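Trainee: Could we go through this one together, starting with the overall fold and then moving to some details?

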Amino acid sequence: MLQFDYVIVGGGSAGCVLAARLSEDPSVTVALLEAGPPDKSVLVHCPAGLAALAMTGSANWGFETVPQPGLNGRRGYQPRGKVLGGSSSVNAMIYIRGDASDYDHWAAQGNPGWAWRDVLPWFKRAEHNERGASAHHGTGGPLNVMDLRSPNALVQPFLEAGRAAGWPANPDFNGPRLEGVGPYQVTHRNGERCSAAKAYLTPARARPNLQVFTGLQATKVLIEQRRAVGVEALRGQERIVLHARCEVLLSAGALQSPQLLLLSGVGGAVQLQQHGIAVQHALPGVGRHLHDHPDVVQVVDAPGLTQSFGLSLAGLAQLARGALQWRRSRSGPLTTNFAEAGAFVRSDPRAPVPDLQLHFVVGKLVDHGRQATIGHGYSCHVCLLQPQSRGSVSLRDANPLSPPAIDPNFLGDAAGEDARRLVRGFKLMRALLQQPPLARLGGVERAVSARATSDEQIEQYVRNHADSIYHPVGSCRMGPGPDDVVDAQLRVRGLQALRVVDASVMPRIVSGNTNAPVIMIAERAAAMIKAARQGRDEVAAASLAPEEEAGVPV
């Protein structure tokens with residue numbers, strides 16, 4: 001049995017932040033468990049390597065949903081990072097916080113300390129934005145945020161098309177307003193991916209009080225007298241127990257943190273009993289309220305557009321030149337994140353804030369990038385930012401190595417509003433892609449979507465092709481109600497020494513990509529945990545400006 005003060009389950013974005021921040025105190029010992037391998041692959045560090053990661057399925061749990069009635073019975077794809085850095089090591093590296101109203105809604109739902117004014121300092125603390133410090137941005141933080149080094153030539157026509165469609169230009173989606181069309185900033189450093197592992201964990205690895213375990217999958221939280229005392233894990237057939245003197249911290253993500261709670265006997269009693277799992281603590285909200293951004297893609301074929309990524313003789317030559325350039329100077333086309341620009345717009349002018357997000361991809365994206373496509377072109381996603389549908393994560397069986405049963409219930413709201421808004425979003429996206437700055441490039445919309453012209457046809461196209469854009473949240477929801485799993489300090493209700501720190505605690509999904517918000521959540525959680533150890537008020541500690549937080553270096 002191994003003994004530590006803190007045992008962190010999951011070496012993804014939140015887990016890397018917690019491990020680095022908690023181990024800043026040399027008087028505590030920290031263990032970080034990651035089921036996947038170390039983040040050594042060049043495909044992780046080269047930004048364009050995400051395409052090869054998608055096609056090979058490496059560093060990825062590769063889950064599927066249960067059949068989705070709202071998607072005409074299809075199973076959705078649920079990729080999750082299985083490597084140090086988690087999904088931040090395999091994602092498209094877009095840095096987005098969401099709208100200020102997202103966090104004010106969290107606070108209004110009974111979560112003190114989570115309003116926009118409370119969380120902004122922690123976003124800034126995490127960030128080193130190469131544009132410089134401002135009222136909205138920080139410098140000196142671990143997470144490097146920058147403009148793309150070598151933007152693709154297709155980005156400018158997309159931005160011009162957005163303005164031609166009547167959308168305002170927005171050079172900074174993390175600035176004063178979210179709405180508009182503009183380039184995305186990315187979590188890169190010196191032409192390489194800046195994952196949470198590289199930003200937080202790598203600089204901390206030499207600390208003698210931090211031990212990182214890879215290839216070790218947690219199977220159960222050990223609970224004695226309503227207190228978490230450790231974690232049971234497997235490496236191959238070897239069973240390993242890690243004892244936690246202070247706290248166990250679950251950071252396995254919105255799909256696997258609830259699964260691990262259920263496997264540990266924490267959750268709805270009926271479900272646990274169905275699988276022969278002894279009830280340690282009845283908590284019916286575990287696994288409920290799962291939701292995600294449903295997304296649909298339009299693909300445009302443009303054979304002569306060789307500046308886009310694609311399979312052709314010209315494309316292969318470009319790839320070879322780009323590989324040499326990236327190796328020499330960490331610049332060139334392989335510094336792309338593919339989704340280089342986008343927009344935040346309203347499906348209805350009466351909507352109070354943008355409820356749609358676009359991602360413009362400088363290549364033809366088919367089947368989540370798992371299929372190689374011949375020729376050149378470009379793609380655009382539109383996703384629904386505030387879906388009404390809610391689903392669940394549950395157990396398939398009592399085997400801890402089985403994947404969870406994932407049901408996002410896409411487009412499943414009773415009123416059908418999610419589908420209607422996504423149809424409006426598809427029409428807005430199509431109108432943008434038909435604007436002269438892009439139309440003059442000579443691209444043609446693929447027939448599978450071009451045939452959909454009426455609202456009814458577009459809705460069927462959406463139901464036949466929509467899927468996740470990889471932002472699951474809410475399955476261990478934070479709040480004061482009987483169906484909530486953690487309180488505002490992220491402590492599991494009714495148990496001691498157990499917290500959940502990841503996207504699963506979000507009461508409602510944010511209006512944008514979820515990686516930056518997860519890092520913010522973990523920064524605040526680390527301050528709360530340090531305050532608890534020192535006998536100070538956790539909410540007060542995490543509500544201070546970070547530079548005022550005693551014992552937390554800036």
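Mentor: Let us begin with a term: a residue is called buried when its relative accessible area is under 20%. This is a predicted model, and of the 554 residues of the protein chain, 60% count as buried.

Trainee: What does the secondary structure of the chain come to?

Mentor: The protein chain has 16 helices and 25 strands. Its radius of gyration is 22 Å, close to the 24 Å that the globule rule gives for 554 residues, so the chain is as compact as a globular protein of that length. The C-alpha trace spans about 70 × 50 × 45 Å along its principal axes.

Trainee: And how do the axes of H1 and H7 cross?

Mentor: The axes of helix H1 (residues 13-22) and helix H7 (residues 196-204) come within 8 Å and cross at roughly 25°, which makes H1 roughly parallel to H7 because the angle is under 35 degrees. H1 passes H7 in a left-handed crossing.

Trainee: Which residues make that contact?

Mentor: H1 contributes Ser 13, Cys 16, Val 17, Ala 19, Ala 20 and Arg 21, while H7 contributes Ala 196, Ala 197, Tyr 200, Leu 201 and Ala 204. By class, the contact has 9 nonpolar, 1 polar and 1 charged residues.

Trainee: Changing topic, is Val 500 buried or exposed?

Mentor: Val 500, which is found in strand E25 (residues 498-500), counts as buried because its relative accessibility is 0%.

Trainee: What is Val 500 in contact with, leaving aside its neighbours within four places in sequence?

Mentor: Its contacts there include Leu 250, Ser 257, Leu 261, Cys 476 and Val 505. The C-alpha atoms of Val 500 and Ala 252, 248 residues apart along the chain, are separated by 8.6 Å.

Conventions:
Residues are numbered from 1 along each chain as its sequence is written. This is a predicted model: local features need pLDDT of at least 70, side-chain atom pairs count only at pLDDT 80 or more; totals for chains, interfaces and linings use all residues. Side-chain values use heavy atoms; hydrogens and water are left out. Axes are lines fitted to C-alpha atoms, for helices over the stretch in contact, and angles run from 0 to 180 degrees between N-to-C directions. Helices (H or I, at least four residues) and strands (E, at least two) are DSSP runs, numbered from the N terminus. Angles under 35 degrees count as roughly parallel, over 145 as roughly antiparallel, 65 to 115 as roughly perpendicular and the rest as oblique. A crossing is left-handed if the near helix is turned anticlockwise from the far one by less than a right angle, and right-handed if clockwise. Contact means heavy atoms within 4.5 Å. Ala, Val, Leu, Ile, Met, Phe, Trp, Tyr, Cys and Pro count as nonpolar, Asp, Glu, Lys and Arg as charged, and the others, Gly among them, as polar. Buried means under 20% relative accessible area, exposed over 50%, partly exposed in between (1.4 Å probe, protein chains only). The radius of gyration is taken over C-alpha atoms; the globule rule is 2.2 Å times the number of residues to the power 0.38.
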